[in-house]
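Here is a walk through one model, from a single side chain out to the packing of the whole thing. Keep the structure viewer open and follow along.

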Amino acid sequence: MKKLFVLIAAVMGMNAYGQLLLPAYVQQHALQLSSEYKELSNRTIACVVDFSKPSYEKRLWIINLKTGECLLHTWVAHGKGTGRTAEASIFSNDSGSNCSSLGVFIPKNQFNGKHGLSLRLVGLDWGINDQAEARGIIFHAAPYVTSQNAQVNKRQGNSQGCFAVPTEDIKTVVKLLENTNAFIWAFKQLPSIPALALPQLTSQVTK
């Protein structure tokens, strides 16, 4: 498990030599995850959301931890309570806040709702995201998350706290995350932390 969670954090950045950089604080957190969350035992599909990046950048990765393959790299919106600009700054676990939540989530089930195909989530962090299911925090498609918004408007639209992805990606997201082999980790990166070089992921697929 230690090796798996080191790979999760590795997707955050790459230096000029093609090496993936793992900030020290993420390494420390990653090494603790396997002991803190018994629900994550043997899960090998990780969806990583880096809310330190602006919404016009692709800040969601789904990776196969066993093979090192990047299965999807795309945009994801944050809640309007978290920030009406491209930057995500405020996070909340409270109902009615319209904020995104940080922490570790596991998928519950897929369903068809007002946004079409969607995926329910359960938050594992008490006081941080444990109200996610009650709040209706889900993965869903949104017409306000597009490559054009990223390029022209330099921001995506905002959800009510959900992980909103481009319409063309929702089927892939649900297919990859809907089973008991997957989990989601959303975080806000701290600045300027010493890094450890790791090998590059083996491949990257956008669909």
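N158 comes out at 15% relative accessibility, so N158 counts as buried (buried is under 20% relative accessible area, exposed over 50%, partly exposed in between, with a 1.4 Å probe and protein chains only). You'll find N158 in the loop between helix 4 (147-153) and strand 8; helices (H or I, at least four residues) and strands (E, at least two) are DSSP runs, numbered from the N terminus.

A quick word on provenance: this is a predicted model, where local features need pLDDT of at least 70 and side-chain atom pairs count only at pLDDT 80 or more, while totals for chains, interfaces and linings use all residues. Residues are numbered from 1 along each chain as its sequence is written, and side-chain values use heavy atoms, with hydrogens and water left out.

Back to N158. Its side chain reaches the backbone oxygen of G83 at 3.0 Å, and a polar atom of that side chain also lies 3.2 Å from the backbone oxygen of H78. S118 does something along those lines: a polar atom of the S118 side chain lies 3.0 Å from the backbone oxygen of G116.

| Side chain | Backbone oxygen | Distance |
|---|---|---|
| N158 | H78 | 3.2 Å |
| N158 | G83 | 3.0 Å |
| S118 | G116 | 3.0 Å |

What else does N158 touch, not counting residues up to four places away in sequence? The list is H78, G79, K80, G83, R84 and Y144, with contact meaning heavy atoms within 4.5 Å.

S118 belongs to strand 6 (residues 116-123) and is buried, with a relative accessible area of 1%. Leaving aside neighbours within four places in sequence, S118 is in contact with N109, Q110, F111, I138, F139, H140 and V174. S118 and A141 are 23 residues apart in sequence, yet their C-alpha atoms are 7.4 Å apart in space.

Now for the rings. A search of the whole structure turns up 5 aromatic pairs; rings of Phe, Tyr and Trp (its six-membered ring) pair if their centres lie within 6.5 Å, and planes under 30 degrees apart count as stacked, over 60 as edge-to-face and the rest as tilted. F51 and F163 have ring centres 6.4 Å apart and planes at 20°, so this pair is stacked. The F51–F163 pair links distant parts of the chain, 112 residues apart: F51 is in the loop between strand 2 (45-50) and strand 3 (60-64), and F163 is in strand 8 (residues 163-165). Both F51 and F163 are buried.

F163 also has F139 as a partner, with centres 4.9 Å apart and planes at 20°, so that pair is stacked too. F139 lies in strand 7 (residues 138-141) and F163 in strand 8, so the pair ties together parts that are 24 residues apart in sequence. F139 has 0% relative accessibility and therefore counts as buried. Ring pairs join F51, F91, F105, F139 and F163 into a cluster.

The charged end of R120 sits over the ring of F111, 3.9 Å from its centre, and that of K154 sits over the ring of Y56, 5.4 Å from its centre. The criterion is NZ of Lys or CZ of Arg within 6 Å of the ring centre and within 35 degrees of the ring normal.

F139 and F163 turn up again in the largest nonpolar core: of its 27 residues, C47, V49, L60, I62, F139, F163 and L177 touch the most other members. Such a core is a set of buried Ala, Val, Leu, Ile, Met, Phe, Trp, Tyr and Cys residues joined through side-chain atoms within 4.5 Å. Helix 5 gives the most to this core, with 5 residues. Since 6 of the 8 residues of helix 5 are buried, so helix 5 is largely enclosed by the rest of the structure; the buried ones are I170, T172, V173, V174, L176 and L177.

Zooming out, the protein has 5 helices and 11 strands, and buried residues make up 51% of its 207 residues.

Methods. A polar contact is a pair of N or O atoms within 3.5 Å; within protein, one must be able to donate a hydrogen and the other to accept it, and residues adjacent in sequence count only if both atoms are side-chain atoms.
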